[in-house]
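Keep the model open beside the text.

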Amino acid sequence: MTVQGIRRTALAAAAAIATFVGLIGCAAGPADRPLVVVSTNILGDVVGQLAGDQVEVLTLMKPNADPHSFEISAREAARMRAADLLVSNGLGLEEGLQKHLDAAADEGVRTFVAGDAIDVLDYAEGDAAGTADPHFWTDPARMRAVVDALEPALAAIDGIDGARLHAATEGYRGRLASLDEEMTTAFEAIPAAQRALITNHHVFGYLADRFGFAVVGAAIPGGTTLAAPSASDLAELVSAIETSGVRTIFAESSSPDRLVRALADEADLHVDVVELYTESLTDRGGEAPDYLTMMRVNTERIARGLSP
């Protein structure tokens, strides 16, 4: 063999060894940690705040997505079935994902459904009237109830340090309490007669129940963005805008706001349209990269939009 041939052989062997070592390094990283698969990015953020780097958190819902209709890959579906814990919102929120959630549960994956941990409200009107409202996170007290139930579910995962988990959970409970106080103070400054909410679809039932708001109407009078408003729905909403005298209506970041803006024009009123982050977080560079920030942004915008 020539000198050049020997060198080529040596280099190839070195490359093979480096590749092998790299694969071992990858396997010794996230794969060594328990896997927690989470359906929505709001819950994904909360799970990450509690468990930290003790687990690998796979959040299925991408930033700025719609929880009612997002899709997952075949690889993500397979990882759901291999998870140490599968966390979902429940209460009918993950419409497009439900078959995968059911399949994983049927295969014995341990599951945590956040909706099972709260005092559930039903929709009061629209096509979904009488069915469970899944948007509990607009009330930080109910999110705290979810955190209380989530801690033992995470603690039951093999390899979790319970003391570290408890310390992180206690810290997050305190941050939720601070958020609750801030929201209470901000909303108390709004005169009761002006606490009227109009949005793309019904998403603020829990916030309204907790902080004394009236949900005057929604462009889509149901619990899902997959529905479409009828002509009578739009006429009723215009009437509600005129009757309530609201100056601001709110469009969700995960839904187009053209319809809401059109309604404002049709009502022939001077109505502002303000964007809120209600069903999805943004990416890290956006205005709502985590749950607590999202709630603070929404609180400030609602308070400013409805105050005298």
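Helices (H or I, at least four residues) and strands (E, at least two) are DSSP runs, numbered from the N terminus. This is a predicted model, in which local features need pLDDT of at least 70 and side-chain atom pairs count only at pLDDT 80 or more, while totals for chains, interfaces and linings use all residues. Residues are numbered from 1 along each chain as its sequence is written, and side-chain values use heavy atoms, with hydrogens and water left out.

How far can the coordinates be trusted? The pLDDT is the predictor's confidence in each residue, from 0 to 100. Its mean over the chain is 84, and 78% of the residues reach 70 or more. Residues 1-29 have pLDDT below 50, and this stretch has four contacts in the model beyond near neighbours in sequence. Contact means heavy atoms within 4.5 Å. Residues 222-226 also have pLDDT below 50, but that stretch has 21 such contacts. Where pLDDT is low, the predicted coordinates should not be read in detail.

Now the overall layout. The chain has ten helices and eight strands. Of its 308 residues, 48% count as buried. Buried means under 20% relative accessible area, exposed over 50%, and partly exposed in between (1.4 Å probe, protein chains only). Among contacts with a separation of 6 or more, 66% join residues 24 or more positions apart.

Return to helix 2, which spans residues 41-51. Nine of its eleven residues are buried, so helix 2 is largely enclosed by the rest of the structure. The buried residues are Asn41, Ile42, Leu43, Gly44, Asp45, Val46, Val47, Leu50 and Ala51. They pack against strand 1, strand 2 (56-59), strand 3, helix 5, helix 6 and helix 10.

Take the helix 6 partner next. The axes of helix 2 and helix 6 (residues 162-188) come within 7 Å and cross at roughly 130°. Axes are lines fitted to C-alpha atoms, for helices over the stretch in contact, and angles run from 0 to 180 degrees between N-to-C directions. Helix 2 and helix 6 are therefore oblique to each other. Angles under 35 degrees count as roughly parallel, over 145 as roughly antiparallel, 65 to 115 as roughly perpendicular and the rest as oblique. Helix 2 brings Asp45, Val46, Gln49, Leu50 and Ala51 to the contact, and helix 6 brings Leu165, Ala168, Thr169, Tyr172 and Arg175. By class, these are six nonpolar, two polar and two charged residues. Here Ala, Val, Leu, Ile, Met, Phe, Trp, Tyr, Cys and Pro count as nonpolar, Asp, Glu, Lys and Arg as charged, and the others, Gly among them, as polar.

Helix 6 also packs with helix 10, at an angle of about 5° and with the axes 10 Å apart. That makes helix 6 roughly parallel to helix 10. On the helix 6 side, the residues include Tyr172, Arg175, Met183 and Phe187. On the helix 10 side, they include Tyr291, Met295, Arg296 and Ile302. This contact divides into eleven nonpolar, two polar and three charged residues.

Which residues touch the most other members of the largest nonpolar core? They are Leu154, Phe213, Tyr291 and Ile302, in a core of 54 residues. A nonpolar core is a set of buried Ala, Val, Leu, Ile, Met, Phe, Trp, Tyr and Cys residues joined through side-chain atoms within 4.5 Å. Helix 10 gives the most to this core, with eight residues. Leaving aside neighbours within four places in sequence, Ile302 is in contact with Phe187, Ile190, Leu197, Phe204, Leu207, Phe213, Phe250 and Leu276. A second, separate core has 16 residues, including Val37, Met61, Phe70 and Leu97.

Finish in the loops. Thr138 lies between strand 4 (111-113) and helix 5. At 3% relative accessibility, Thr138 counts as buried. Beyond neighbours within four places in sequence, its contacts include Met183, Phe204 and Met295.

Most residues other than glycine have a negative phi. Asn64, in the loop between strand 2 and helix 3 (74-80), has a positive phi of about 65°. Leu91, in the loop between strand 3 and helix 4 (98-106), has a positive phi of about 60°. Asn64 counts as partly exposed at 43% relative accessibility, and Leu91 counts as partly exposed at 26%.
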